[in-house]
Amino acid sequence: MEFQNQTAIVTGAGSGMGRLTSERLAEEGANVVVVEVNPEAAETVVAGIRERGGTAIASVTDVRDYSQVQAAVALALDTYGSVELLINCAGGASARVWGRSEGFTDLDIEIIDWGIDVNFRAPIYFARAVLGHMIERRKGVIINMGSVEGVTGSGAAEYGASKAGLMGLTRSLALLGAPHGVRSCCVSPGPVLTRPAMANMKTRLGRAAEPAEIVDLILYLCSDKAAFITGQNYTIDGGRSIGGMG
């Protein structure tokens with residue numbers, strides 16, 4: 001039980017990578033705080049974890065609102081007494097999430113703002129809310145979910161910029177945390193089969209990743225096996241960022 005007696009806050013935990021990360025952490029003994037804006041999705045994930053013998057609670061949270069972020073962290077501390085792991089999975093390309101087809105120059109500024117807030121501002125908020133506690137206890141790991149498009153750039157400019165910004169956030173958190181035993185890493189996937197359209201994105205290895213392949217890396221970086229790793233971005237993209245994909 002790799003994470004026995006540790007508490008993990010996972011944002012965007014109602015679906016996709018956040019959900020699988022939550023389930024895997026619970027299987028490895030962690031107390032999981034399922035942070036999700038959709039109440040039904042959050043409760044579904046919590047119920048599934050509990051049915052399999054794990055420990056989890058739901059925190060219905062709009063990650064763009066710092067007061068709600070603070071409340072989610074307070075809930076974790078009040079319930080379990082500590083927070084050792086923060087995994088910032090909430091995010092997505094704003095045009096896709098909102099069902100819009102316009103390019104960046106025609107997209108409503110409110111949609112662009114949503115993308116910046118969820119993909120970049122929210123991880124900053126959660127780091128701000130939890131880092132002091134981790135430093136005080138001299139223990140903690142923060143994982144930010146980047147994207148290959150933070151490395152290569154993206155036609156969804158606000159998305160690529162936000163994901164690139166997470167690499168800088170990761171390095172900054174690593175600098176702040178290192179003297180106190182707190183680590184931070186960024187995981188930047190290429191296409192992942194969390195939705196069918198991802199299968200059409202080209203990679204050098206000729207396929208999209210299985211979600212479990214990404215989560216395996218996240219759990220490794222959270223574990224004591226990675227105790228000497230901090231401040232790094234891990235691109236896990238089947239070679240997509242090498243270039244020359246056409």
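How many cavities of 30 Å³ or more does a search of the whole structure find, and what surrounds the largest cavity?

A: The search of the whole structure turns up one cavity of 30 Å³ or more. Before we peek in, keep in mind that this is a predicted model, where local features need pLDDT of at least 70, side-chain atom pairs count only at pLDDT 80 or more, and totals for chains, interfaces and linings use all residues. Residues are numbered from 1 along each chain as its sequence is written, and side-chain values use heavy atoms, with hydrogens and water left out.

A cavity here is a set of points on a 1 Å grid over the protein atoms alone where a 1.4 Å probe fits but cannot get out, and lining residues have an atom within 4 Å of a point. The largest cavity has a volume of about 30 Å³, taken as the space filled by probe spheres set on the points.

Who lines it? Thr-11, Asn-88, Ala-90, Val-118, Ala-122, Pro-123 and Phe-126 do. Sorted by type, that's five nonpolar residues, two polar and no charged; Ala, Val, Phe and Pro are among those that count as nonpolar. The biggest share of the lining comes from helix H5 (residues 109–137), which gives four residues. Helices (at least four residues) and strands (at least two) are DSSP runs.

Now for the two lining residues Thr-11 and Asn-88. Thr-11 stands opposite Asn-88 in E4. Strand E1 (residues 7–11) runs parallel to strand E4 (residues 85–88), and four bridges join them; two strands pair if DSSP finds at least two bridges between them.

Step back and you'll see the sheet these strands belong to. Seven strands form an open sheet with parallel pairing, in the order E3-E2-E1-E4-E5-E6-E7. Strands E3 (55–60) and E7 (233–236) stand at the edges with a single partner strand each, so one side of each is left without a neighbour in the sheet. From one strand to the next, the twist averages 15°.

Helices lie across this sheet too. Helix H1 (residues 16–27) lies across E1, strand E2 (31–36), E4 and strand E5 (140–145), running at about 170° to E1. Helix H7 (residues 157–177) lies across E5, strand E6 (182–189) and E7, at about 165° to E6. Those angles run from 0 to 180 degrees between N-to-C directions of lines fitted to C-alpha atoms.

Key: 1 Å grid on protein atoms, 1.4 Å probe; cavity = no way out; pocket = protein on both sides within 12 Å on 5 of 7 lines; lining within 4 Å. Contact = heavy atoms within 4.5 Å.
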